[in-house]
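Please look at the sequence and the structure before reading the points below.

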Amino acid sequence: MGRNEVEPREGGVVAMGTGGHREESVITGYEPGKRFAIRTPTSDDGRFMAFAYLIKGRDGGSTVLRAVQSGLLGDDWQGECDALRRGRPFHLHTLREYLTHFPGRTGAPVFAVAPSDGRSAREVLAALTHGLSLPDPVALGARARAEPMDLPPPDGEVVWSDDERIEVRTADGIYTFLNFAGTALMFPHLFGPDTEGAEAACQHWLTGLLG
């Protein structure tokens, strides 16, 4: 999600940028092919968040990724835990889609956000469903197509669908659409040869869809 910059060494900085917001963490463990760990700065009240990713090979050519997360940043611990519980499986699924269908290819990350003009989360989801020419309810394996868009239109298969997210995999990208009450997000990873202008095109499409 968003643009990520990694300074590949222990003590280096990891930065994630989404919609003009930038978050930084420090790399606390760096063993390529084995372990990667980061930690956010400690706040004045002692709070922080830490992540560790452990990679281990198995017989038969398979690999296990273990993700460990520690700490919380906000006051609503239950809400934060619930959000992480919902989001973590989705992001690991996206990683699986990348490793299965786009291994070794560098994607261009795109981020677009648009207000929903007072629509509820359900209404935002309905608008996204309609804009992607999908049936309601959205079924895995359904074909999605969005146009007009000033780039090759997303034309692919739904690989994730729940009450918050729709993910579509195409021949040249992984498109994620996320709905909240009051806001819609779109953050594709594009692997095609021509991605110049993609962010402006996605922003124009999303704003027009909810305008």
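The points that follow cover the helices, the surface, the salt bridges and the backbone.

This is a predicted model, in which local features need pLDDT of at least 70 and side-chain atom pairs count only at pLDDT 80 or more, while totals for chains, interfaces and linings use all residues. Residues are numbered from 1 along each chain as its sequence is written, and side-chain values use heavy atoms, with hydrogens and water left out. Helices (H or I, at least four residues) and strands (E, at least two) are DSSP runs, numbered from the N terminus. A residue is called buried under 20% relative accessible area, exposed over 50%, and partly exposed in between (1.4 Å probe, protein chains only).

**Packing of two helices**

- Two packed helices are described by the angle between their axes and the distance between the axes.
- Helix H2 (residues 121-131) packs against helix H3 (residues 198-210) at an angle of about 120 degrees, and their axes are 10 Å apart. That makes H2 oblique to H3.
- The axes are lines fitted to C-alpha atoms, for helices over the stretch in contact, and angles run from 0 to 180 degrees between N-to-C directions.
- Angles under 35 degrees count as roughly parallel, over 145 as roughly antiparallel, 65 to 115 as roughly perpendicular, and the rest as oblique.
- The crossing of H2 and H3 is right-handed. A crossing is right-handed if the near helix is turned clockwise from the far one by less than a right angle, and left-handed if anticlockwise.

**A nonpolar surface patch**

- Ile55, Leu65, Leu92, Leu95 and Leu99 make a nonpolar surface patch of about 390 Å².
- Patches are made of residues with over 30% relative accessible area and no salt bridge; like charges are joined within 9 Å, and nonpolar side chains (Val, Leu, Ile, Met, Phe, Trp, Tyr) within 5 Å. Accessible areas come from the Shrake-Rupley method with a 1.4 Å probe, and for residues only the protein chains shown count as cover.
- Which helix gives the most to the nonpolar patch? Helix H1 (residues 77-101) does, with three residues.
- Leucine 95 is in helix H1 and is partly exposed, at a relative accessible area of 35%.
- Leucine 92 is also found in helix H1, and its relative accessibility of 33% counts as partly exposed. Leucine 92 and aspartate 162 are 70 residues apart in sequence and 15 Å apart in space, C-alpha to C-alpha.

**Salt bridges**

- A salt bridge is a side-chain nitrogen of Lys or Arg within 4 Å of a carboxyl oxygen of Asp or Glu. By this rule the count is 13 salt bridges.
- One of them joins arginine 9 and glutamate 7 (3.0 Å, N to O). Arginine 9 is partly exposed at 40% relative accessibility, and glutamate 7 is partly exposed at 32%.
- Aspartate 172 forms a salt bridge with arginine 105, with the closest N and O atoms 3.4 Å apart. Aspartate 172 lies in the loop between strand S11 (165-170) and strand S12 (173-180), and arginine 105 in the loop between H1 and strand S7 (108-109), so the pair ties together parts that are 67 residues apart in sequence.
- Arginine 169 forms a salt bridge with glutamate 157, and the closest N and O atoms are 3.4 Å apart. This pair links distant parts of the chain, 12 residues apart: arginine 169 is in strand S11 and glutamate 157 in strand S10 (residues 155-161).
- Is arginine 169 buried or exposed? Arginine 169 is buried, with a relative accessible area of 17%, whereas glutamate 157 is partly exposed at 28%.

**Backbone and single residues**

- Most residues other than glycine have a negative phi, and most peptide bonds are trans.
- Serine 133 is not a glycine but has a positive phi of about 60 degrees. Serine 133 is in the loop between H2 and S9 and is exposed, with a relative accessible area of 52%.
- A cis peptide bond joins aspartate 136 and proline 137, with omega about 5 degrees. Proline 137 is in the loop between H2 and strand S9 (143-145).
- Isoleucine 27 lies in strand S3 and is buried at 1% relative accessibility.
- Lysine 34, in the loop between strand S3 (21-31) and strand S4 (35-39), is exposed at 54% relative accessibility.
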